[in-house]
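Let's take a walk through a protein together, one spot at a time. Have the model open so that you can follow along.

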Amino acid sequence: ATPNPWWTNAVVYQIYPRSFQDTNGDGFGDLKGITSRLDYLADLGVDVLWLSPVYKSPQDDNGYDISDYRDIDPLFGTLDDMDELLAEAHKRGLKIVMDLVVNHTSDEHAWFQASKDKDDPHADWYWWRPARPGFEPGTPGAEPNQWGSYFGGSAWEYCPERGEYYLHQFSKKQPDLNWENPAVRRAVYDMMNWWLDRGIDGFRMDVITLISKRTDAAGRLPGEAGSELEDLPVGEEGYSSPNPFCADGPRQDEFLAEMRREVFEGRDGFMTVGEAPGITPERNEHITNPANKELDMLFLFDHMGEGEGRSKWELVPFRTPWLRGVLANQQAAVRNAGWASLFFCNHDQPRIVSRWGDDTSEEARVRSAKAFGLLLHMHRGTPYIYQGEELGMTNAHFTSLDQYRDLESINAFRQRVEEAKIQSAESMMASLELISRDNARTPMQWDASKYAGFTAPDAPAEPWIGVNPNHVGINAAAEFDDPDSVYAFYKRLIALRHDDPVVAAGDWTLIDADDPNVYAFTRSLESAPGVAGGTLLVAVNLSGRTVDLSAEAYALVENGVTEHDIVISTYGASHAVVSLANRELDPWEGIVVRL
Ligand code: TEU
Ligand code: CA
């Protein structure tokens with residue numbers, strides 16, 4: 001078999017630059033701040049740093065609205081700062097992957113400004129459509145179809161200069177690029193090559209599975225006047241979803257294969273990971289199967305609750321069997337080809353220890369953070385750690401709307417509470433407290449000082465978003481030398497990914513598929529010259545109460561295990577040996593046993 005690519009036993013660390021480290025006292029993280037923390041990241045043991053966008057941007061969606069792909073926004077620094085970060089990271093053996101946002105640009109990008117003129121060469125670089133016949137442009141009902149934006153309101157904005165509407169699946173300052181236009185694709189590939197030639201090591205590709213839209217033979221979108229495609233009925237917020245027509249569209253594979261050819265052919269040492277809302281595990285196998293030369297990895301969202309509940313704001317309680325079923329499907333799909341990305345946290349998701357763990361006591365927080373970390377990192381795939389996850393950082397627990405900054409959250413409150421009146425204010429505040437993206441965006445907690453070391457205590461400006469008051473106890477300085485900290489646990493998980501071939505490459509096999517409480521599986525790898533194979537049993541109790549160890553897992557350990565056989569566990573080896581002998585798992589107890 002061909003040797004596995006380097007990223008199959010790498011660990012990726014996601015940095016949200018705006019909230020990572022501020023060095024000039026303006027309350028926003030910056031590139032020099034990241035450079036100043038490279039030793040911490042090298043010591044943690046991660047291999048790749050993925051930076052959320054730092055390009056020139058009006059910051060309407062915190063940089064996911066790009067106005068110049070080939071320059072750094074002054075908020076974060078300069079291209080020289082970027083070159084310095086690349087050099088300093090590479091010196092430490094760290095790779096840098098940047099965030100590629102090309103489903104849309106900012107409305108302040110020169111391409112969009114030019115596109116407002118129907119006679120300009122850029123006229124067809126975006127999705128422009130006339131008002132519905134019989135409707136006054138710019139008036140309600142004149143939108144080309146009933147699509148709603150992910151960030152509230154219609155997915156269409158009227159542009160008086162052009163006299164037409166433009167599509168924006170996200171904010172109105174994020175117009176969708178028209179990937180049907182080869183000139184658009186050419187410009188994107190040229191920009192990607194420019195960055196790779198500058199020395200970056202790959203891209204995370206923002207909503208890259210939304211770039212191909214379904215249209216009828218005449219290029220009309222569903223619901224458009226004269227279209228052969230029927231739009232969906234409107235939902236509770238008064239709009240229909242663009243997702244079924246934009247996710248994994250008809251030219252998805254063609255565009256990804258073309259990108260691979262035009263940008264990555266002939267290069268090595270890079271990695272690509274696509275953010276893939278609306279992609280099934282089976283399609284993940286096709287897109288990440290190296291034989292198809294598309295992408296190396298994808299982020300799937302079915303395990304993050306995509307499609308659960310009528311909307312993301314409708315809270316669905318956590319159930320171990322549900323998560324186990326979804327992750328088992330993801331693993332099964334790429335058993336023989338293709339690869340999996342392993343994540344629970346990122347800048348769009350709440351912190352897992354608060355969402356599905358228990359952050360209401362110090363003990364429960366530490367144990368449940370370790371339990372989810374162990375569960376994730378023992379699966380087969382490439383693990384992604386989001387800044388602060390290695391510390392067991394929690395949700396913000398904001399109590400008032402003015403503490404929030406994310407336009408998705410603020411617009412959703414307005415639309416669901418004030419306009420469509422679907423949720424009460426307190427119900428929406430509870431939804432935001434559990435699942436708002438801002439929960440992941442509070443400043444990184446480096447130490448117990450006033451602003452958690454994110455910015456200086458005497459900084460002239462407050463941090464752009466509130467520092468979590470619990471930073472006094474939850475911070476890197478407090479955990480760095482504590483062998484029982486979440487930090488120490490993550491460091492061990494990362495080392496296992498590097499040092500144990502069974503963890504990096506072993507087959508994943510679910511056991512006890514019907515147990516109501518315990519999530520258990522094995523990892524097994526044939527020994528080969530120079531490869532110490534073997535079998536590991538992983539059994540995790542993702543609840544706050546003691547449960548019976550599941551039957552198949554117990555059968556594998558009933559002859560007794562010693563502390564030496566315990567690879568890693570959330571209470572420690574001696575506790576694990578006793579729990580297994582007693583055929584039970586304590587609250588948030590996760591155990592990995594070498595069989
Ligand atoms: O996220 C796309 C996306 O699907 C998220 O908006 C997600 O659906 C939602 O926020 C959580 O329910 C990417 C980026 O990660 C996100 O930060 C951007 O806001 C978005 O694209 C637009 O660029
Ligand atoms: Ca700064």
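Which side chain does His379 join in a polar contact of 2.9 Å? The partner is the side chain of Tyr519. A polar contact here is a pair of N or O atoms within 3.5 Å; within protein, one must be able to donate a hydrogen and the other to accept it, and residues adjacent in sequence count only if both atoms are side-chain atoms.

Before we go on, a word on what you're looking at. This is a predicted model, where local features need pLDDT of at least 70 and side-chain atom pairs count only at pLDDT 80 or more, while totals for chains, interfaces and linings use all residues. Residues are numbered from 1 along each chain as its sequence is written, chains are lettered from A and ligands numbered from 1 in the order in which they are written, and side-chain values use heavy atoms, with hydrogens and water left out.

Back to His379. You'll find it in the loop between α11 (362-377) and β13 (382-386); helices (H or I, at least four residues) and strands (E, at least two) are DSSP runs, numbered from the N terminus. His379 counts as buried because its relative accessibility is 2%. Buried means under 20% relative accessible area, exposed over 50%, and partly exposed in between (1.4 Å probe, protein chains only). Leaving out residues up to four places away in sequence, His379 touches several others, including Leu327, Trp508 and Phe521; contact means heavy atoms within 4.5 Å.

Now for the ligands. Ligand 1 has 16 residues around it, and the closest are Asp61, Asp206, His347, Asp348 and Arg437; to be near, a residue needs a heavy atom within 4 Å of the molecule. An N or O atom in the side chain of Asp61 is 2.6 Å from an oxygen atom of ligand 1. For His347, a polar side-chain atom lies 2.9 Å from an oxygen atom of the ligand, and for Arg204 the distance from a side-chain N or O atom is 3.0 Å.

Ligand 2 is a calcium ion, and its protein donors are Asp22 (OD), Asn24 (OD1), Asp26 (OD), Phe28 (O) and Asp30 (OD), 2.2 to 2.4 Å away. Donors are N, O and S atoms within 2.8 Å of the metal (3.2 Å for Na, K and Ca); water is not among the atoms, so sites may look incomplete. Along the chain, the donors have the spacing D-x1-N-x1-D-x1-F-x1-D. Asp30 is buried, at 4% relative accessibility, whereas Asp26 is partly exposed at 26%.

Next, some strands. Strand β2 (residues 48-51) points Val48 and Trp50 one way and Leu49 and Leu51 the other, and all are buried. It runs parallel to β1 (residues 12-15), joined by four bridges, and Ile15 stands opposite Leu51. Four bridges also pair β2 with β5 (residues 95-100) in the parallel sense, where Trp50 faces Val97. Two strands pair if DSSP finds at least two bridges between them.

Elsewhere, an open antiparallel sheet has three strands in the order β6-β8-β7. Since β6 (128-129) and β7 (156-159) stand at the edges with a single partner strand each, one side of each is left without a neighbour in the sheet.
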